[in-house]
Each structure stands twice: as C-alpha cells, then as structure tokens.
Amino acid sequence: MSTPENTTSVEQPQRKSKRRTVLAFTLAALAVGGIGAAATSAAWSDNVFFSAKAEAATFNLQGSLNGTTWQESDSKGSIQLIVPATALQNLVPGESRTIDLWVKNLGSVGAALTPTVEWAASPASTFTANPSATVEGLSASLTAATGAGASDQFQLKVTTDSNWAASNQGKSGTIIVTVTGTAVAP
C-alpha cells in the first residue's frame, strides 16, 4: 500500500507542471492577441483638420466742422480741423459760446470715446486766466462704420468768468480738443 501514496505524490508535481505550462501558454496567447489588437487598432485611424483665417479689425476716427466734410487729424502738430477764428473772437466777461463738432468712426469695430480739452503749449496762451473749455454732448461710444451710430455731433463750450480780469484784453490762446477712440470688440 505504500505504492499508492508514492503515485499520488508523483502525480501532484506533474499536475503543477501541466498547470504552469497551460498558464504560460495562455499568458503568451493573450500577449500575442493584445499586440495583434494594438496593431489592428492602429490601422483604424483617421484625422480631421480645421482652418480659420484671422483678420485684424480696421479702426479710424475722423472729424468734421460741418458734419459733411470729414478729415483726419492724427497729431497735435498737424491738426487739420481748425475752427474759424471768428467763432471765439472778441470774448467778454461772463460770456459762453458753443461750437458744434462731429466725430465719425470709419472702422470695422465700435469705438469707446474719451474727450480731453487743453490749451496749446506752443504758442502758449497769453490770457491771465484761460476761459473754461469743455466738451458737452459727446457720446460714450460709436458703432462700426456700417452701424447707425457711427457718427456723433457734440459741442465745445467756451466760457469766460463773469469777473474775467481786464488784463485779458487783447490776449489769446489756442484750445485743443482731442477725442480718443478705443476699439471695442463687436
């Protein structure tokens, strides 16, 4: 009876050996199958492409003294829009005068507007006290050139003090009105 016990112990290592062989074969088959699947999926690929042309906006402000004739005036050194001297001639104490001005957006996008008024440095004002000069009625923004709100009329208002000194008689100065436009996204 000792023989059957020996047979059992011999069969167990053979079974383990067979299991290892089957397991190794199965793992090898899975590895080969995985590589084959990866090679197969690589053959199934596709691309899609997009193109988009980018173009910068145009931006150009022009001014007018009459609302019909428009001009560029890009720097303080070469102002093209000059109010006739008679509009502010013979100022007296306590007087206020208003001059109509226009601005127009010729660009492809809207414009946010900011006005500034200053007295020219050259030639410098000879007034003892400069009259006050302000911009009134200027829109905060303009639409693109194709929009209904692409232009705006506003006023330059010049006022002398009611106690304006007699020393201002015969004096003069030049007022510069600047309308700065900043392009805004549509």
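**Salt bridges in close-up**

**View A. The salt bridge between Lys-157 and Glu-136.** Lys-157 pairs with Glu-136 in a salt bridge whose closest N and O atoms are 4.0 Å apart. Lys-157 belongs to strand β6 (residues 151-159) and Glu-136 to strand β4 (residues 132-136), so the contact ties together parts that are 21 residues apart in sequence. Both partners are shown in a predicted model. Lys-157 is partly exposed, its relative accessible area being 26%. Glu-136 is likewise partly exposed, with a relative accessible area of 34%.

**View B. The salt bridge between Lys-76 and Glu-118.** The closest N and O atoms of Lys-76 and Glu-118 are 2.6 Å apart, and the two residues form a salt bridge. Lys-76 is located in the loop between β1 (61-64) and β2 (96-105), whereas Glu-118 is part of strand β3 (residues 110-119); the pair therefore ties together parts that are 42 residues apart in sequence. Glu-118 is partly exposed, at a relative accessible area of 30%.

**View C. The salt bridge between Glu-55 and Lys-53.** In this pair, Glu-55 and Lys-53 form a salt bridge, with 4.0 Å between the closest N and O atoms. Glu-55 is exposed, and Lys-53 is exposed as well.

**View D. Overview of the salt bridges.** The count for the predicted model comes to four salt bridges. Among them are Lys-157 with Glu-136, Lys-76 with Glu-118, and Glu-55 with Lys-53. The Lys-157 pair links strands β6 and β4, while the Lys-76 pair links a loop to strand β3.

How values were computed:
Residues numbered from 1 in each chain as written. Predicted model: local features only at pLDDT ≥ 70, side-chain atom pairs only at ≥ 80, totals over all residues. Heavy atoms only, no water. Salt bridge = Lys/Arg side-chain N within 4 Å of Asp/Glu carboxyl O. Buried < 20%, exposed > 50% of the residue type's maximum accessible area, 1.4 Å probe, protein only. Helix = DSSP H or I, 4+ residues; strand = E, 2+ residues; numbered from the N terminus.
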